[in-house]
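Please look over the chains before reading on. The notes below take the contacts between copies, then the symmetry, then the helix packing.

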Amino acid sequence: MWAQHELILRPYPRGFHLITREVVQALPQLPEVRAGLLHVFIQHTSASLSLNENASPDVRRDFERYFNHVVPQNWPGWEHTLEGPDDMPAHIKASLLGHSVMLPVRAGRLALGTWQGIYLGEHRDRGGPRRLLLTLQGEPLPPAPPGTR
Amino acid sequence: MWAQHELILRPYPRGFHLITREVVQALPQLPEVRAGLLHVFIQHTSASLSLNENASPDVRRDFERYFNHVVPQNWPGWEHTLEGPDDMPAHIKASLLGHSVMLPVRAGRLALGTWQGIYLGEHRDRGGPRRLLLTLQGEPLPPAPPGTR
Amino acid sequence: MWAQHELILRPYPRGFHLITREVVQALPQLPEVRAGLLHVFIQHTSASLSLNENASPDVRRDFERYFNHVVPQNWPGWEHTLEGPDDMPAHIKASLLGHSVMLPVRAGRLALGTWQGIYLGEHRDRGGPRRLLLTLQGEPLPPAPPGTR
């Protein structure tokens, strides 16, 4: 089975944000998949998707601080500065972190580790709403026997 | 449906290059896929595949300049120098950027954002031709009714 | 066809380790796949999976040295230090390198390049056993004609 859904995220401030719940809620077919994969794709080049620690907000703040440090806005090497000082670093961060996550599905649920959550990396100062495309595929669960649901 | 194609890229100079068109042209089955995924894989460890801005050539130059800066050839920490000064940095860049991209397919086309293109990162001075393996899968479009094509 | 297997890796010391053989051995269905994909996923946020050079051990030592250099434990910017000095750098390294690899399968084998192997990046000092989830999918080989096996 295949299912594809567009998901428009509300504008998030610059930084790293947990979006696992929003992704799962956009997938009504998830409980029907016995074994499969979910592809979460962002249709932009200045924001990223990755997987990391879902509990402590200070981890997400450290992500933002570290990536600002290692991809500095004021680096004299940037040539593409026409779209603002946050633009070129945002492109680099997006490629370092990734444009998609691929997640295993097992017994109708995302088979994430206990501490894993999906991070949206919003790398622009005002990124606006971001468009995701979710592609779910897998082997369907056998239909429940009559009378058991 | 599944389709797999090998694609040999002509030698590119060191740097970042848009290869979206070459990839799409190697996929005759793409228009037949209603919903699916395309996996583009590079069978090398000193070149990379990623997704980024497809319009301004200065963005691709900034990518090359930034990655040369953050993974310097003359770093005294390198132990593996036998294959030349560009080799070990090329391996690191390949792992930072990635060996493959996974792209959603929708209604017979790659469902990329307006500004997204596939980047080949050629990280060696003389990388030569590079071998890609394209794996396309998905749900086929229903056949057109008789007389409509 | 779909197959999903859990693979618990024995504890590895901090550093980069080749695990291609362990992954392949956990996949009895691999020889039956004509064309497909293998997804290897790590259910942790302080270890990584990537693909790189499978021959020289000094390449893997350079990976460890480089990533310790670029993501330093003693960086004054870290706020999340409660779980030890190796924890926050491990999260960053895991996102730089990735939580999964997607590999093409062709004619019953992983279609890797000659020099490609799967790297476990163990980024904690004592990471313990790590849990992988392998998801194999693809088009099965046609059954052998009677008498040919």
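**Notes on the chain contacts**

1. Start with chains B and C. 29 residues of chain B are in contact with 35 residues of chain C. Contact here means heavy atoms within 4.5 Å. The pair buries about 2,700 Å², and carbon and sulfur atoms give 58% of that area. Buried area is the accessible area (1.4 Å probe) that two parts lose on being put together, summed over both. On the chain B side, B:W2, B:E79 and B:S95 lose the most area to chain C, together 23% of what that side buries.

2. A word on the basis. This is a predicted model, in which local features need pLDDT of at least 70, side-chain atom pairs count only at pLDDT 80 or more, and totals for chains, interfaces and linings use all residues. Residues are numbered from 1 along each chain as its sequence is written, chains are lettered from A and ligands numbered from 1 in the order in which they are written, and side-chain values use heavy atoms, with hydrogens and water left out.

3. Now chains B and A. Here 35 residues of chain B are in contact with 29 residues of chain A. The area buried between them is about 2,700 Å², with 58% from carbon and sulfur atoms. In chain B, the residues that lose the most area to chain A are B:D62, B:Y66 and B:R106, together 22% of what that side buries.

4. Which surfaces do the copies use? Only 11% of the interface residues of chain B are also interface residues in chain A, so these copies meet through different surfaces. For chains B and C the figure is only 14%, so those copies also meet through different surfaces.

5. Symmetry comes next. A rotation of 120° with 0.0 Å of shift along its axis superposes chain B on chain A, with an RMSD of 0.0 Å. The two copies are thus related as by a three-fold rotation axis. Copies are superposed by least squares on the C-alpha atoms of residues with pLDDT of at least 70 in both. Chain B can also be laid on chain C by a turn of 120° and a shift of 0.0 Å, again with an RMSD of 0.0 Å. Of the residues of chain B, B:L96 comes closest to the rotation axis, its C-alpha at 3.4 Å.

6. The single chain. Chain A has three helices and eight strands, in the order β-β-α-β-β-α-α-β-β-β-β. Helices (H or I, at least four residues) and strands (E, at least two) are DSSP runs, numbered from the N terminus. The C-alpha atoms of chain A fill a box of roughly 70 × 30 × 20 Å along the principal axes.

7. Helix α3 (residues 87–97) of chain A packs on helix α2 (residues 57–70) of chain B at about 65°, with axes 11 Å apart. Axes are lines fitted to C-alpha atoms, for helices over the stretch in contact, and angles run from 0 to 180 degrees between N-to-C directions. That makes α3(A) roughly perpendicular to α2(B), a term for angles of 65 to 115 degrees. A:M88, A:H91, A:I92, A:S95 and A:L96 of α3(A) meet B:V59, B:D62, B:F63, B:Y66 and B:F67 of α2(B).

8. The residues in contact include A:D62 and A:Y66 of α2(A), and C:H91 and C:L96 of α3(C).

Technical notes:
Parallel < 35°, antiparallel > 145°, perpendicular 65-115°, else oblique.
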